Amino acid sequence: MTDKAKEEKELDLERTETAENPVNEGDVNKDADLDVQEEIDSEDKAPEDNLSKENQELKDKYVRLYSEFENFRRRTAKERLDLVNTASQELIQEILPVLDDFERSFKAQEDSGDDEQKQAGSRLIYNKLLRVLTSKGLEPMEGLVGENFDAEYHEAITQIPAPSEALKGKIVDVVEKGYTMGGKVVRFAKVVIGK
């Protein structure tokens with residue numbers, strides 16, 4: 001139905017009602033005019049309201065999508081940086097026993113009183129290997145004796161009676177050195193704790 005047809009039908013309906021219920025004719029015309037005007041105003045505002053609501057919803061979706069993308073970008077950049085920093089971690093973990101063997105051989109050579117030149121050559125190789133690994137970010141955990149036990153960095157092998165009251169619950173001896181790389185533990189330090 002067209003708007004004109006609707007208006008005429010409403011006017012006819014109002015005329016029949018006024019014929020049944022006589023009321024001042026001026027009042028009826030005013031009421032009809034107000035109803036028609038309200039209908040026209042509401043029809044004009046409805047599309048604008050719908051468009052503004054739709055526009056606001058699209059803006060909200062855009063903002064959410066943009067912030068999700070930014071979070072994704074930051075997270076992937078951080079993961080990529082972490083991957084680059086720890087890419088050689090597996091290889092370094094396999095080389096650490098070689099460092100341990102060097103350290104054991106130095107102790108054995110000191111105890112047996114081996115030739116200083118042999119020891120100097122081994123130390124040279126050891127220092128060179130250690131320098132390469134530290135350039136890749138490897139850091140040994142040092143000075144652990146006397147510190148509090150921390151399960152995030154240390155692995156307790158056993159507990160022994162503490163030699164003094166100050167060492168109760170603290171690290172008494174280091175059995176195997178621990179190493180970190182970029183703030184992450186590559187190998188836990190194997191320690192003995194005083195009880």
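Helices (H or I, at least four residues) and strands (E, at least two) are DSSP runs, numbered from the N terminus. The model is a predicted one, in which local features need pLDDT of at least 70 and side-chain atom pairs count only at pLDDT 80 or more, while totals for chains, interfaces and linings use all residues. Residues are numbered from 1 along each chain as its sequence is written, and side-chain values use heavy atoms, with hydrogens and water left out.

**Overall make-up**

- The chain has four helices and six strands, which follow the pattern α-α-α-α-β-β-β-β-β-β along the sequence.
- Of the 195 residues in the chain, 19% are buried; buried means under 20% relative accessible area, exposed over 50%, and partly exposed in between (1.4 Å probe, protein chains only).
- Among contacts with a separation of 6 or more, 64% are between residues 24 or more positions apart.
- The chain exposes about 14,800 Å², and carbon and sulfur atoms supply 53% of this area. Accessible areas come from the Shrake-Rupley method with a 1.4 Å probe, and for residues only the protein chains shown count as cover.

**Helix α3**

- Helix α3 runs over residues 89–112; at 1.5 Å a residue its 24 residues should span 34 Å, and the end C-alpha atoms are 35 Å apart, which agrees. The expected span is 1.5 Å times one less than the number of residues.
- At I95 the helix α3 bends by about 30 degrees, and a proline, P97, follows within four residues. The bend is the angle between axes fitted to the seven residues ending at a residue and the seven starting there.
- The buried residues of α3 are Q89, I92, L96, L99, D100, F102, F106 and Q109.
- An α-helix has 3.6 residues a turn, so residues three or four places apart point the same way.

**Salt bridges**

- Eight salt bridges are found in the whole structure; each is a side-chain nitrogen of Lys or Arg within 4 Å of a carboxyl oxygen of Asp or Glu.
- D100 and R187 form one of them, at 2.7 Å, N to O. This pair links distant parts of the chain, with D100 in helix α3 and R187 in strand β5, 87 residues apart. Both residues are buried.
- E103 and K177 form another, at 3.3 Å, N to O. E103 is in helix α3 and K177 in the loop between β3 and β4, 74 residues apart. E103 is partly exposed, with a relative accessible area of 23%, and K177 is also partly exposed, at 23%.
- E176 and R187 meet at 3.7 Å, N to O. E176 lies in strand β3 and R187 in strand β5, so this pair ties together parts 11 residues apart in sequence. The relative accessible area is 17% for E176 and 14% for R187.
- D100, E176, R187 and K190 are linked in a network of salt bridges.

**Surface patch**

- Y62, V63 and Y66 make a nonpolar surface patch of about 360 Å². Patches are made of residues with over 30% relative accessible area and no salt bridge, joining like charges within 9 Å and nonpolar side chains (Val, Leu, Ile, Met, Phe, Trp, Tyr) within 5 Å.
- Y62 is found in helix α2 (residues 25–85) and is exposed, with a relative accessible area of 55%.

How values were computed: Contact means heavy atoms within 4.5 Å.
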